[in-house]
2 protein chains.
Amino acid sequence: MTAASDTANDRPDVCVLGLGLIGGSVLRAARVAGRECFGFDVSASALEAAAAEGFSVEDNLDAVLRRADVAGALLVVAVPLPQVEELLTRVVAMNRASLITDTVSVKTTVLQLVRKLKLDNRYAGGHPMAGLETAGWESSSAALFDGAPWMVGTEDDTHRMPWRQAVALALDCGAQVVPIDARAHDDAVARVSHLPHVLAEVLAATGADGGPLALGLAAGSFRDGTRVAAAPPALVRAMTDGNRPAVMAAVEDALERLQQAHRALAAAHPLDALITAGRKARAALDELEPGEITGIVPGDPGWREAMRSKAHEGLRLRAL
Amino acid sequence: MTAASDTANDRPDVCVLGLGLIGGSVLRAARVAGRECFGFDVSASALEAAAAEGFSVEDNLDAVLRRADVAGALLVVAVPLPQVEELLTRVVAMNRASLITDTVSVKTTVLQLVRKLKLDNRYAGGHPMAGLETAGWESSSAALFDGAPWMVGTEDDTHRMPWRQAVALALDCGAQVVPIDARAHDDAVARVSHLPHVLAEVLAATGADGGPLALGLAAGSFRDGTRVAAAPPALVRAMTDGNRPAVMAAVEDALERLQQAHRALAAAHPLDALITAGRKARAALDELEPGEITGIVPGDPGWREAMRSKAHEGLRLRAL
């Protein structure tokens, strides 16, 4: 396949499977970007609301998958992790040609399922790093991904065409692409996405144990630190169960730091080491200005490894 | 002293000692409320900026304390905890008559100092539960305390007149008063103010250990969870050192919950108990509609205990 035909095939129709916050936002953003798009969900209220806005959506999964097959549409799997296997099994049965990406927050688990079902030559995973403490189509927005990092799965054996389609979709949604393998992604998000949820739950519960007086004295630090404790329980469960080994490692690191802090307090020592490390880390976050990955041509020898190496340095793709 | 003269004496001039974020905001809010006010700080830039806005401020502490003595002004101690003892020692030397409150975030320590210096018959502590990750006069705002809870120290031996003046100041600043003793305050804020800072530092440092890739994938949950890690180190140190026993207890509770979570993950059990507790706690925070304390007359038998009892239920004073 030549570079010219690559470009022509990068932006096929978009078929979004699951119209919650993320899937709904992908459908909206794809339409804004001028892509033909359609979708599937089982929620009557989501379907009704989406249809009222002129989106082509329905609750017949097999029909949607056949339609995508005929159109050569990119499949975007945007259902919760526990539903991915059943959905991919339907893809195997009903759709022969579509390339596939997804938006699920745990990548190694989805990759295993994809390989088990022998869909890996059609698949490049994805994970937009955007979310709200709210859920559902009614919270979705075409602007949700503006400027956000969006992981696109870049394994040693990832095929170029699904990878290009996943990247093009992310860019069309306004995101910046972080090309990395599933394992590195899961380790990283365990620290910066899943651990924050666990600590928010811990903080919320520990604060509430102080009774109405404590909650009534809570100011911004407690509100901010517990915001994601309002997230849907199923979402948090999917993160922590689905990414268990990496979450355990992140929790162990946090436990070690918290135990050190406790030992310092018990010895009447100041928490200077922790405070310095925390402040430096937050400053690094605030000063983040991700550079751009350029000059690596998908298909050239070593392109995947070269992409990953840049992503590890914090760089992002801003164009295909 | 009659109730009528009480009312006349509730709102004397206001003398703010320390013009950082909190002290500066008190000075601004007191002026907006129509109170005569003046202040002290040693920072040339803060003094210059405050004077340029027409505030009467200077860097001669003894002169300011004498002026407050002559005027019968309420002293508002708004310096960091480590500087409180030296400042109160100057108060003993230079000011015979002013009643005293403060805005320091740890109340038992200040109360001990006040008692040691035999100022307790002139003192009722205070702590406005408002703050930003920024500091200094340049961040101060008359609106900082709008609707915020403001603890006013209510011990068994708190005198009525300093208590009334501290309450009136908080109300003039737009806050709602939580009348509670120092010990209960420190235990509560360890959970909802000091622990959030410790966990924010832990989260920030653990995230940064994931390198540029992890920080680059950070989304809202990490940003929110680490916001107060940007707070001035001296402030965090003053909280954790100054409130050590209560912070230790809160850290122990958080450690226990985090260890339980780790054990559940290791056993491949879902984190349902933690997730349910965290979500319920956050919902309680979001649904908080503090009732009003009414019908308790300061000076009546048992008024302090009655106030505290209502505060423990989550109620607040909205009028004197």
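Guide: Let's start with pairing: two strands pair if DSSP finds at least two bridges between them. Strands (E, at least two residues) and helices (H or I, at least four) are DSSP runs, numbered from the N terminus. This is a predicted model, where local features need pLDDT of at least 70 and side-chain atom pairs count only at pLDDT 80 or more. Residues are numbered from 1 along each chain as its sequence is written.

Visitor: What is the average pLDDT of chain A?

Guide: pLDDT is the predictor's confidence in each residue, from 0 to 100. Chain A averages 94, and 97% of its residues score at least 70.

Visitor: In which order do the strands of the open sheet run?

Guide: The three strands of chain A follow the order S6-S7-S8, with mixed pairing. S6 (126–128) and S8 (176–180) of chain A are the edge strands, each pairing on one side only. S6(A) pairs with S7 (residues 149–153) of chain A in the antiparallel sense, over three bridges. There, His127(A) stands opposite Met151(A) of S7(A).

Visitor: And how do I read two packed helices?

Guide: They are described by the angle between their axes and the distance between the axes. Axes are lines fitted to C-alpha atoms, for helices over the stretch in contact, and angles run from 0 to 180 degrees between N-to-C directions. Here, the axes of H5 (residues 84–94) and H6 (residues 107–116) of chain A come within 10 Å and cross at roughly 30°.

Visitor: Which residues of H5(A) and H6(A) make the contact?

Guide: With contact meaning heavy atoms within 4.5 Å, H5(A) contributes Val84(A), Glu85(A) and Leu88(A). H6(A) contributes Val110(A), Leu113(A), Val114(A) and Lys116(A).

Notes:
Chains are lettered from A and ligands numbered from 1 in the order in which they are written. Side-chain values use heavy atoms; hydrogens and water are left out.
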